[in-house]
Each structure stands twice: as structure tokens, then as C-alpha cells.
Amino acid sequence: MTEYLIRRVLQSVLVIFLITLLTFLLIHAAPGGPTKVMLSPGLSPEVLEQQAKNLGLDKPIPVQYVHWIGDLLQGDLGYTFKNHIAVSDLLWPRIANTFILMGAAWLVSLVISIPWGIYNSTKVYGLSDQTASFISYLGFAMPTFWFGILLQQWLSIKLDWFPLSDMHSRGHEGDIGDLFMHLVLPVTVLALGFLASYMKYARSSMLEVLDQDYIRTARAKGVQERKVVFRHALRNALIPIITILGLDLPILVAGATLTENVFNWPGMGRWFVEMANSREYSALMSITIVIAVMVVIGNLVADILYAVVDPRVKLGKQGGKAA
Amino acid sequence: MSTDHSQLVAQSSASASGTPDSGLAPTPGPQIPADVSKRPPGPWVVLWKKFSRNPYAMSGLIVLLVFIIAGILAPKLTKFDPAAIDLMFPNLKPGAEGHLLGTDELGRDVFTRLLYSARISLMIGFSVALASVAIGSVIGAISGYFGGWVDTVFMRIVDVMNSVPSLFLNILFMAIFGSQIKYMILILALTSWMSIARLVRGTFLQLREMQYVEAAKAIGVSSWGIIFRHLLRNASFPIIVNATLMVGGAILSESALSYLGLGVQAPKASWGVMLSNAQEFMLVDPMQAVYPGLCILLVVLAVNFIGDGIRDALDPRQQVTKSRRRLEKWRKNYSKSGN
């Protein structure tokens, strides 16, 4: 187990290193490169040179990379070109906002989808199952932002039940009730997406387990169906579900780009698009790295969780290789 | 490509019915004289037979064909120009002044823009799927066939690509390279080839120890010959399923990027661009937001149904599901009578 852990952690570090390298090279491969974009246009060549020197852009690329990594490791995510604000000052509050939104959506969808999926696995192709699979199909095929726009038109403009966009009404910052009203529409949109996949996972995971020999044995012994489902099947079916949830953890901070844009939610995703539209490369780089690190950690946690939850997974030399 | 391929597959399955593609089939040799009338149907024929019996898949196919034809014939189907601004008639109701679905805030014909969007979206969707199949198969083939450090390097790259949510990657790339359609195709392909690579690699790992590969090696077929002629073909059906589903994903990504202002740019029509316009003018004309989204939904649903249809047609376990359904029914009846 320890060996596996060390191997996985090292692997994750390697992946993160590669991501930083890739992002850095990409930005420098951009047409014109950062040099052109980072510097204000219309300056005299001498001033340009001076500015480039100040930003460290005159040094060779490997040196720049090492500097950048050094800064990153010290928690310095760089500054925006426009107003020279520290990226980290802008980043963390937005991550928190996204986390509120995604956390709510995630909880709602979990509470609905897992029990529903389990129920459907006991009544395959019943009415409830058909409805669920219809919803799944919609969830996979419907552009989330379109669903958001439709909800806005119907529930907010036409019926005026919920606020159109933003996180708080003006003057109501910190008001939980106000925040809740603002959450309803985006959470609905996001939850539909989660619902679609979690319901499928829960159902298929349960079906797989219900097909096993020990379930047949339990039934043959005359164990009540309810006990078969909840005590024998559910426990084992939860293992893959937990893994999926672990893999989805990073989405909690990164997953709402479109919804945030539709509802003008002041989170990571909207900010990322803003930065992309104004070509703020250092902010883009930092956000990408932060997200990638979270994803890698999420994957790591999911893997470890899987090993902890499932006693059948023996991790040793073979286990490490398979990953 | 498909006709050529199907003939080859049909030939090989006829000459060595039962055993998978022997690898020697195309070379002229002692062929079993096959009675043409008794020749078992080729895999494509079987696939089509099963596929055409699936109502979802068939309706998906019809819807997709309608959209493809509408996209191709767009200039014939409408007399308007998708980018032509007519400030005399903004926000017309459907049917007014010969505009089938009315006009948008700049007086552009909505129906025309929908048609031209279909063109762009489908073009991007299929190109991305093709490009990622190309990238994914080559990388998956190389790393599955050769293994070793090449495999390690490629699989680490796959890990890296998978560790940033693809929408973020797309946004980042689009910001770096600029919003041109050719870049968008390339970028979407670069962020979606990983599943194909994994799949091809898996197939190759399974098959590279097979005897027919050994035989091919023994008669001096080059590595590339084995990869492309003997191994990749065995992965072709799963690749097709994956690629089909990828078309839907690519169309969704395209519309998302266009909606965010990083994809197809304003004078050109795209469902995403139309939606982002529609959101701005939501109070004036709420229906503008309905049509483009509906088109995306229909096309993506159609493509997904087709993909699922192909997968079900290929899946030998399909029969198992049927028998399981019977089992469930029996169990229900049994437990009812028991209690």
C-alpha cells in the first residue's frame, strides 16, 4: 500500500510538472508570443525593451520557465497586465463562489440521483427507469447554457419567481435567503448534468452487482428482497460510485464555466473566460495550473479511496502498473 | 474508405469463416471455393440489419440526414444571406415579410442563420471526430504495439490532457491561437483524441500476442503493415462508436465556445453565436433563444442515438439484456405469488 501510494504521488507530481511545461510552452508558442501581448502597444522601442526587461521577457525561455515555476511554488501566481493586480487575490474568492454553486448542485443531484438509480436497478425498464433514462439522454445532449437561458426566460422574466442573474441582489450581500434565491436556477441547470451521469452510474453499478452469484445465493436462501438490495448489493455497488464521485471532486471548483456565464455568477469559470477574452496570459496560466493540480489531487484521492473501500483491490507491484 | 474496407472484411470472413481476419486473406492463395449464394453476410450487413431494427437509432439517422441535407443545400433553401443586416426589419415575427422564422435584432433572417449554422456545426463536428480518430489511432497504435517507454510517454500525455477539464483547455487554446474555424477544429481534436487512443491501445495490447500477428511478422510484414492492416482493423468498430459520440460532443463544444465568444465569430452564423445574441435580446424576442438550442439538442440527440445504436448492434451481450429482462419479469411474478 505504501509503495503504491508513493508511486501514485510521484506519478501525480510528474503529471503536474508536465502540465506546467505544456502550458508554458503553449503560451510561448502563441502567435506573437506573450512578449507582444504583455506589452502595451504604441510605445517607443526603448521603453518596450525596458518593459520586457522588467517582466523578465528578455531572458531565454528555459530561464523564464524556471523563474515562473519558482514563483508558483512560492504561491505567487503572477499579476494581470491590465491593472497589475495579483492573480491570487482575484483567484481565491472566485474559487469560493464557484465552490458554493457547485457544492449545492452536487449535493442536490446526489440526493436525487443515487437513490433513484438504485430504485431503478430493482425495476429495470419500468416507468421510473424509462423516465430516468430519458432525463439522462436530455442531460447529455442538451447544451447546458441553452437550458439556463430557457429557465431564465420562463421562471425569471415571465413568472418573476427567481432573480435573473448574479450572486446577490444589490445591497443584499451576505443575506442567505437572497443567495438561496439566486442559487436556484443555476443549481437546477448544473444538477441536471450531474443527475444524468450519476443516475446511470448508480443504476449500472447496482445491476452489475445484482447479477452476481452471491446475490442469487442470497435470494435462493430466501433472504427478503429488500435485504438483498440494501444489505448485500448496495454495499458493493457503492464502491464504483464512490470512485466516480472522487474523480468528480475537482469539478466542484472548475466545472461551471458555461452556467456561470449564463447566470453571470462571479466564479472561476466566468473569470477564466473573461481573462481569455482579454488575453491575460499569466492569469490563464495560473488558473490552468490550479485546476490541473486539483484534478490530479482528486484523481489521487479517488484511487486511494478505491483501495481503502474495496478490500478486493490488492495494491502492490501489479496494482501500481495497472494505473 | 468504407466500401473498400467492407469488401476486404467480407472477403476475409468468407474465406475463413469463423476465424477472425487471418491476415493472409488478401494474398492470393488456396481459397475455399465459396458458394456465393451461401456466403454468410459480412459484418457490415449484420451491423446494418441490427441497426435498422432499432427505432431510436433509425430516427436519429433520419434527423441527422435532414440536418446534413439542410446544411448542404442551405443556399438553395433560402434566398437570404445569413450575414445580411437589414435594419428596416429588426425582430420580425415568424412569417412576416417572407422570413420563415422572423428576423433577429439586426434584421437577419433567423431561418437562414439556422441553416448556415447547421453547415458550420456539422462540418466542425465531423472534422473533429475524423481528426481525433486519426490522432488517437496513431498514438494508441504506437503505444499499444511498441509498448515500453513510448507507451509510458504517450500515456502520461493522455493523463496530462485528461487532468484539465476539456472546456478549460479549449478556452485556453482558443485564447492563444485566435478564433478561426480551422484552429477550432484542430483544438477540439487535440482535446478529444484521448479516449480513442486509450481504446486502440487496449485493443492492441490484447491482440499483439495473437498468432496471426506472429504469422504476419514471420512472413516479413513491416510493423506499420501489421498495425494498419491487421490490428487497427480489429479496433474499427469500437472506434466508429466512439467517433460517432464524439461528433455530438464536438458540436456541443463548438456551440459552447461560440456562445462564450471564443469560437465562430459574429457575422458568421453558429447556433452558439445565435444563442448568445438571443440572451442579450431576451426581453424583446424570447423565441430567438428557442430555435438554435433546439437544433443543437436535436442534432446531438440524433448523433448519440446513432452511436448507441451502433454500439448495441455490435454488442453480443445485447441478447443477455433481453434474457435478463425476461428473468426480471419472471422474478417479479414469482415474488408476487410467493408473498
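Biologist: Is Glu3(A) buried, partly exposed or exposed?

Modeller: This is a predicted model. In it, Glu3(A) has a relative accessibility of 43%. Buried means under 20% and exposed means over 50%, so Glu3(A) counts as partly exposed.

Biologist: Which residue does Glu3(A) form a salt bridge with?

Modeller: Glu3(A) pairs with Arg7(A), and the closest N and O atoms are 3.3 Å apart. Arg7(A) is partly exposed too, at 34% relative accessibility.

Biologist: How far apart are Arg7(A) and Glu3(A) along the helix?

Modeller: They are four residues apart in helix H1 of chain A, which means a separation of about one helical turn. In general, side chains of opposite charge can pair when their charged atoms come close.

Biologist: How many salt bridges are there over all chains?

Modeller: The count comes to eight. One of them joins Asp213(A) and Arg216(A), at 3.6 Å from N to O. Both residues lie in helix H9 of chain A, which covers residues 213-220, and they are three residues apart, about one turn of the helix.

Biologist: What about Glu274(A), what does its side chain meet?

Modeller: Glu274(A) meets Arg270(A) in a salt bridge of 3.2 Å, N to O. Those two are four residues apart in helix H13 (residues 268-277) of chain A, so about one helical turn separates them. Glu274(A) is partly exposed, with a relative accessible area of 36%.

Biologist: Change of topic. At what angle do H1(A) and H4(A) pack?

Modeller: The angle is about 130°, and the axes are 11 Å apart. H1 runs over residues 2-29 and H4 over residues 61-73.

Biologist: What do you call that arrangement?

Modeller: Oblique. H1(A) passes H4(A) in a right-handed crossing.

Biologist: Last one. Which residues make the nonpolar surface patch?

Modeller: Leu249(A), Ile297(A), Val301(A), Leu305(A), Val308(A) and Val309(A) make a patch of about 440 Å².

Biologist: Where is Val309(A) placed?

Modeller: Val309(A) is in helix H14 of chain A, residues 281-309. Its relative accessible area is 33%, so Val309(A) is partly exposed.

Key
Residues numbered from 1 in each chain as written. Chains lettered and ligands numbered in written order. Predicted model: local features only at pLDDT ≥ 70, side-chain atom pairs only at ≥ 80, totals over all residues. Heavy atoms only, no water. Patch = residues over 30% accessible without salt bridge, like charges linked within 9 Å, V, L, I, M, F, W, Y side chains within 5 Å. Areas by Shrake-Rupley, 256 points an atom, 1.4 Å probe, with all protein chains shown as cover. Salt bridge = Lys/Arg side-chain N within 4 Å of Asp/Glu carboxyl O. Buried < 20%, exposed > 50% of the residue type's maximum accessible area, 1.4 Å probe, protein only. Axes fitted to C-alpha atoms, helices over the stretch in contact; angles between N-to-C directions. Parallel < 35°, antiparallel > 145°, perpendicular 65-115°, else oblique. Left-handed = near helix turned anticlockwise from the far one by under 90°.
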